Amino acid sequence: MNIIKIIKATEEEPQGYTMRPTAKGVIFNAVGEVAIYDGLLPGGGVENNETFEEALKRECIEEIGHAIENINELGTVIQYRDLSKRKYEVHGYMADVVGDAVVPTTTQESEIGRTFTWVTLDEAIHTLEQEIGDLQKADQTLYPGDTYQAKLYNRQTAVFLLRETKKYIQ
């Protein structure tokens with residue numbers, strides 16, 4: 001998969017980071033809107049022997065209650081999170097929902113009660129860009145651990161993947 005962007009705090013290549021493979025999706029409904037899950041794209045970490053596509057399918061059921069089909073690769077965004085010393089390899093995809101929605105199946109306490117909405121591609125980009133701007137102006141000391149980098153980098157990753165999607169659908 002081609003690398004769309006590498007996000008890191010310094011110019012040097014960080015060393016000694018633990019790899020965390022993840023899959024994120026720009027997921028379309030029947031009217032061409034995309035799912036925004038708690039302000040981000042649906043997806044998450046690859047577990048056990050899953051492929052990236054299998055992880056995305058599982059995460060979509062867990063987070064937004066939708067099965068997906070027509071999965072197409074967009075590219076990869078690499079995130080280096082300094083405080084947690086983790087290198088996130090975020091494989092991005094676009095896909096379509098299929099079938100009826102079910103109740104999201106997440107069992108992760110931090111995800112229970114989160115919501116998702118359907119918005120246009122341009123709305124998603126605009127909203128996330130505003131959130132990125134707000135985060136860049138924020139006092140980073142207000143965020144514990146690597147929360148600041150996680151919030152900022154995940155929103156930046158979403159925007160990169162949404163913009164990449166626009167190239168494919170125009």
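Asn 48 is a friendly place to start, since it counts as exposed, with a relative accessibility of 78%. In this predicted model, Asn 48 sits in the loop that runs between β4 (43–45) and α1 (52–64). Its backbone is worth a look too: phi of Asn 48 is near 45 degrees, a positive value in a residue other than glycine. Most residues other than glycine have a negative phi.

Asn 70 also has a positive phi, near 55 degrees. Asn 70 belongs to strand β5, and at 46% relative accessibility it counts as partly exposed.

In soluble globular proteins, nonpolar side chains tend to be buried together.

Leu 41 shows how such a residue is surrounded. Beyond its neighbours within four places in sequence, Leu 41 is in contact with residues including Val 26, Ile 36, Ala 158, Leu 161 and Leu 162.

Finally, follow helix α3 (residues 147–169) to Thr 157. Thr 157 is buried, because its relative accessible area is 3%, under the 20% cut-off. Not counting residues up to four places away in sequence, Thr 157 touches Ile 7, Val 77, Gln 79 and Val 90. Thr 157 and Lys 5 are 152 residues apart in sequence, yet their C-alpha atoms are 8.2 Å apart in space.

Technical notes
Residues are numbered from 1 along each chain as its sequence is written. This is a predicted model: local features need pLDDT of at least 70, side-chain atom pairs count only at pLDDT 80 or more; totals for chains, interfaces and linings use all residues. Side-chain values use heavy atoms; hydrogens and water are left out. Helices (H or I, at least four residues) and strands (E, at least two) are DSSP runs, numbered from the N terminus. Buried means under 20% relative accessible area, exposed over 50%, partly exposed in between (1.4 Å probe, protein chains only). Contact means heavy atoms within 4.5 Å.
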